[in-house]
Amino acid sequence: MHGLINRSIQNYFCANYGQRLWAEVASRAGLDFTEFEAMLTYSDHVTPAVLEAVCDVLDRPRAEVMEDVGTFLVAQPGYEAVRRLLRFGGVSFSDFLQSLDDLPDRTRLALSELHLPWVELREDPDGQYSLICEAPLVGYGYLMMGVLRAMADDYGALVLLEHCGRSDGIEVLKIILVEAEFSEGRRFELGARA
């Protein structure tokens, strides 16, 4: 798995629980180091081992941890590049949802070595949405829930999200857009400030 993913989990953990507890996570995960390098690639078994260790140390279910990591990736000030990449999906939360199918390709434009799992948005007849997520990591759908929750706040939208389960490496989310302009969203400008 790409080191940027592992480094993001490490950054989330250290920002919220500290470096001392992270050393315990690294030990429990069987790592012979404590710092992930963002631009390296790690064996596929490393990330699940780290996530299991995080859940054990925190005594929290993986779903909660994954959702928190997803929120962290969008809302944490040090991850402004992730927020900007996502905001390029449209001027409204509805536009953003419609752009999710293109997210893996947009990400590769920014970082060619990073291959995100595919996602597919389906609009249901009742006006609700389903997000179908390829989930090579158990709980990837919950990570996407955290991203969606943070992006809804960013756009000022009120949404209800539900994880509908996992089957054959696929996780499905139900998205109900209750109100597109529920509150004032965060400021966003296309151009970088001088």
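Colleague: Which residues lie nearest the centre of the largest pocket?

Modeller: This is a predicted model. In it, L4, I5, T107, L114 and L116 lie nearest the centre of the largest pocket, which is lined by 31 residues. The elements giving two or more residues to that lining are α1 (3-17), α4 (62-75), α5 (80-87), α7 (103-110) and α8 (140-155). About 810 Å³ of space lies in the pocket.

Colleague: What makes a residue of the lining count as nonpolar, and how many do?

Modeller: The class goes by residue type: Leu and Ile, for example, count as nonpolar. By that rule the lining has 25 nonpolar residues, with five polar and one charged.

Colleague: How do you know that β2 and β4 pair?

Modeller: Two strands pair if there are at least two bridges between them. Strand β2 (residues 129-134) and strand β4 (residues 170-179) have six bridges, so they count as paired, in the antiparallel sense. C133 stands opposite E171 in β4.

Colleague: What makes β3 and β4 a pair?

Modeller: The requirement is at least two bridges, and eight bridges join β3 to β4, which run antiparallel. V159 has L177 in β4 as its bridge partner. Two residues lie between the strands of this hairpin, where D168 takes a positive phi near 50 degrees.

Colleague: Why are β1 and β3 said to stand at the edges?

Modeller: The open sheet has four strands in the order β1-β2-β4-β3, with antiparallel pairing. β1 (119-123) and β3 (158-167) each have a single partner strand, so one side of each is left without a neighbour in the sheet. From one strand to the next, the twist averages 20 degrees.

Notes. Residues are numbered from 1 along each chain as its sequence is written. This is a predicted model: local features need pLDDT of at least 70, side-chain atom pairs count only at pLDDT 80 or more; totals for chains, interfaces and linings use all residues. Side-chain values use heavy atoms; hydrogens and water are left out. On a 1 Å grid over the protein atoms alone, a cavity is a set of points where a 1.4 Å probe fits but cannot get out, and a pocket is an open set with protein on both sides within 12 Å along at least five of seven lines; lining residues have an atom within 4 Å of a point. Grid points are joined across faces, edges and corners, and a volume is the space filled by probe spheres set on the points. Axes are lines fitted to C-alpha atoms, for helices over the stretch in contact, and angles run from 0 to 180 degrees between N-to-C directions.
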